[in-house]
Amino acid sequence: MESKIGAVVIGRNEGERLKACLESILSSVDIVVYVDSGSQDGSVTHAESRGVHVVELDLSRPFSAGRARNEGFKALVKAAPDVGFVQFIDGDCQVDGGWLAAAAKFLSETPRCAIVCGRRKEKFPEVSIYNKLCDIEWDTPIGKAMACGGDFLARVEAFAEVGGFDPSVIAGEEPEMCFRLRERGWEIWRIDQMMTMHDAQMTRFKQWWLRAKRCGHAYGQGHAMHGDSPEQYYKREVRSAIVWGLMVPLILLMAFLVWIAGAPAAILMLVFIPAVLYLKVLKYAFNSKALPLSTAMIFSFFIVLAKAPELIGIITYQLRARNNKAPSIIEYK
């Protein structure tokens, strides 16, 4: 017997994107729950008009995507206790028509698979370099994976077993939950199937910077939670952000001071150090990701530059933790 499929959609002021999201999934699942985080654009009214179960978050409590998905999941299994699989999707995405059938088949045939995800692509990569960077980021290897992103089909049994998302994790909540699933012997898989189209609407440098800062916060918090595990969760990412996030700007500052002093040979020596990281990333982008050289060069530049906001994100987490402050989301839209 085929398992019933439900969907949990989360969003805040997604407008037309939410309409497109719901339209892409309503006919493919047995029940849809939409979790709204204080929208002022009529999202709740539209969702209700489509027969969707709506959960409006109590905004007096700290908000996180993990909390929204958890509350959506609870509402889903309460309304439809016999649902076996649940598709989580962000309100700025649209589900591909062939995804759910392929993903449900894979889950049914792979008993230890807790989560299956597929190909996510950016809807308008040509609009900005930042959208293009997202599109490159979504292109990840096929096969058994360490983690998933925000869109995925989950086995209800497995999701419930680990208690879903940790609502205190404000960024990187999906990898953190996947870590706990893997510790219990569950598997995460990515299959070669188109899954969702994403609409980042990222057109400004500030948005990119805040997103990178949020990523650093995820590294810092995740490492604090699970860094002592055998896999040393996020240790490499934290170390990279600290070393290069401090080293690159300091070296460039030194190069500037040396240039003022009139020592061109010393400038070349100083600039050589961050160039090593850049060339290393460029080799990966050109060979492993098979990007055109011009795109690989831009991608590599932003990977190196991202070390600075990532370091700021790590420091932000550490300061909040030291002062016992509740984490608050870092929004970039």
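Buried denotes under 20% relative accessible area, exposed over 50%, and partly exposed the range in between, computed with a 1.4 Å probe on protein chains only. The model is predicted: local features need pLDDT of at least 70, side-chain atom pairs count only at pLDDT 80 or more, and totals for chains, interfaces and linings use all residues. Residues are numbered from 1 along each chain as its sequence is written, and side-chain values use heavy atoms, with hydrogens and water left out.

**View 1. Tyr34 in strand 2.** Y34 lies in strand 2 (residues 31-36); helices (H or I, at least four residues) and strands (E, at least two) are DSSP runs numbered from the N terminus. Y34 counts as buried because its relative accessibility is 0%. Its side chain makes a polar contact with the side chain of D36 at 2.5 Å. A polar contact is a pair of N or O atoms within 3.5 Å; within protein, one must be able to donate a hydrogen and the other to accept it, and residues adjacent in sequence count only if both atoms are side-chain atoms.

**View 2. Strand 8 and its two partners.** Strand 8 (residues 152-155) directs F152 and A154 one way and L153 and R155 the other, and all are buried. In a regular strand the side chains alternate between the two faces of the sheet. Strands pair if DSSP finds at least two bridges between them. Strand 4 (residues 83-90) runs antiparallel to strand 8 and is joined to it by four bridges, with V86 opposite A154. Strand 6 (residues 113-122) is also antiparallel to strand 8, through two bridges, and V116 has L153 as its bridge partner.

View 3. Helix 7 (residues 173-183) is largely enclosed by the rest of the structure, because nine of its 11 residues are buried. Among the buried residues are E174, M177, F179 and L181. The covering elements include helix 3 (65-79), strand 6, strand 8 and helix 8 (205-226), contact meaning heavy atoms within 4.5 Å. G185, which follows helix 7, has a positive phi near 90 degrees.

View 4. R69 and E174 form a salt bridge, their closest N and O atoms being 3.2 Å apart. This pair links helix 3 to helix 7 across 105 residues. A salt bridge is a side-chain nitrogen of Lys or Arg within 4 Å of a carboxyl oxygen of Asp or Glu. Both R69 and E174 are buried.
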